[in-house]
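Reader: Hey, I'm new to this one. Can you walk me through it?

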Amino acid sequence: MNLHNTEFIKSAANVGALLKADRPEVIFAGRSNVGKSSVLNAFLNRRNMARVGNTPGKTIHVNYFDVDGKLYLVDLPGYGYARREKAEQERWAELINAFLQIPSSRRLGVLVIDIRHGPTELDMTMVNYFEQLQIPFVVVANKADKLGKTELAKRTAEIEAILSGRTQKVVVFSAMKGLGRAELIRTILHFVEGKTDAKDGVTE
Ligand SMILES: Nc1nc2c(ncn2[C@@H]2O[C@H](COP(=O)(O)OP(=O)(O)OP(=O)(O)O)[C@@H](O)[C@H]2O)c(=O)[nH]1
Ligand SMILES: [Mg+2]
């Protein structure tokens with residue numbers, strides 16, 4: 001699979017615009033501003049594939065990217081943006097619910113949390129969503145560059161303890177520094193193709 005051969009397909013703003021899940025999907029979910037788009041870009045080693053914003057929670061869109069005609073990467077709108085109006089929150093819930101309920105045989109969730117704060121209560125709601133719908137998920141503990149060594153180890157152990165037995169794995173990550181990228185690639189490709197070695201048939 002050639003990760004370079006990725007293109008933006010569609011930004012779905014309403015339920016009717018969502019795509020059929022006719023191939024495996026990797027779904028990036030998480031709190032607004034946690035770095036979902038940045039993690040997606042880091043995964044692809046592309047600077048501007050998914051839009052990275054300074055104003056969180058602005059867009060309520062489900063963004064689809066096609067990887068080599070074999071996989072969809074899906075950037076979900078973030079949750080928990082405090083200043084969002086109620087009508088917008090309802091629109092978020094409707095879109096996410098509709099998306100998650102589209103029948104699909106192969107879906108992997110990538111739950112992006114902030115290594116300094118997560119998992120928050122809303123993150124645990126997302127965990128419950130994934131579990132109810134039997135979508136396996138990995139946790140990307142992002143912004144690791146913001147912590148020192150000791151604090152990093154402590155926070156990682158805490159996150160692992162809270163989510164053990166529920167997530168496939170916790171990947172310590174920094175979209176800014178590229179930390180954890182190889183592990184995330186390995187994990188995602190293992191899911192998509194059943195391959196264990198990230199270099200196996202992959203063009204990065
Ligand atoms: N220091 C640091 N900053 C990061 C990291 N990842 C993302 N950021 C910053 O966090 C902010 C939000 O990043 P986005 O990727 O837009 O976050 P998002 O979750 O996609 O946000 P929404 O789409 O608005 O929900 C940006 O200013 C990024 O530069 C990281 O690993 N380390
Ligand atoms: Mg984003």
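Reader: OK, so which residues of H2 are buried?

Author: Trp92, Leu95 and Phe99. Looking down the axis of H2, they fall within an arc of 75°, so they line one face of the helix. That arc is taken from the directions from the helix axis to the C-beta atoms.

Reader: What do those buried residues pack against?

Author: They pack against S3; a contact here has C-beta atoms, placed from the backbone, within 7 Å. The face of H2 turned away from its buried side carries exposed residues, including Lys86, Glu90 and Gln101.

Reader: Where does this model come from, and how is it numbered?

Author: This is a predicted model: local features need pLDDT of at least 70, side-chain atom pairs count only at pLDDT 80 or more, and totals for chains, interfaces and linings use all residues. Residues are numbered from 1 along each chain as its sequence is written, while chains are lettered from A and ligands numbered from 1 in the order in which they are written.

Reader: How many helices and strands does the chain have?

Author: Five helices and seven strands. From the N terminus on, the elements run β-β-α-β-β-α-β-α-β-α-β-α. Buried residues make up 37% of the 204 residues in the chain.

Reader: New topic: which residues come nearest to ligand 1?

Author: Of the 21 residues around ligand 1, Gly35, Ser37, Ser38, Gly78 and Met176 come nearest. To count as near, a residue needs its C-beta atom, placed from the backbone, within 6 Å of the molecule. Helix H1 (residues 36-44) gives the most to this shell, with three residues.

Reader: And what about Asn45, what's its phi?

Author: Asn45 has a positive phi of about 55° although it is not a glycine. Most residues other than glycine have a negative phi. Asn45 sits in the loop between H1 and strand S3 (62-67), and is partly exposed, with 14 other C-beta atoms within 10 Å.

Reader: Is Gln134 buried or exposed?

Author: Gln134 is exposed, with 7 other C-beta atoms within 10 Å. Its place is the loop between helix H3 (121-132) and strand S6 (137-142), and it has a positive phi of about 55°.

Methods. Helices (H or I, at least four residues) and strands (E, at least two) are DSSP runs, numbered from the N terminus. A residue is buried if 20 or more other C-beta atoms lie within 10 Å of its own, exposed if 12 or fewer, and partly exposed in between; C-beta atoms are placed from the backbone. Two residues are in contact if their C-beta atoms, placed from the backbone, lie within 7 Å.
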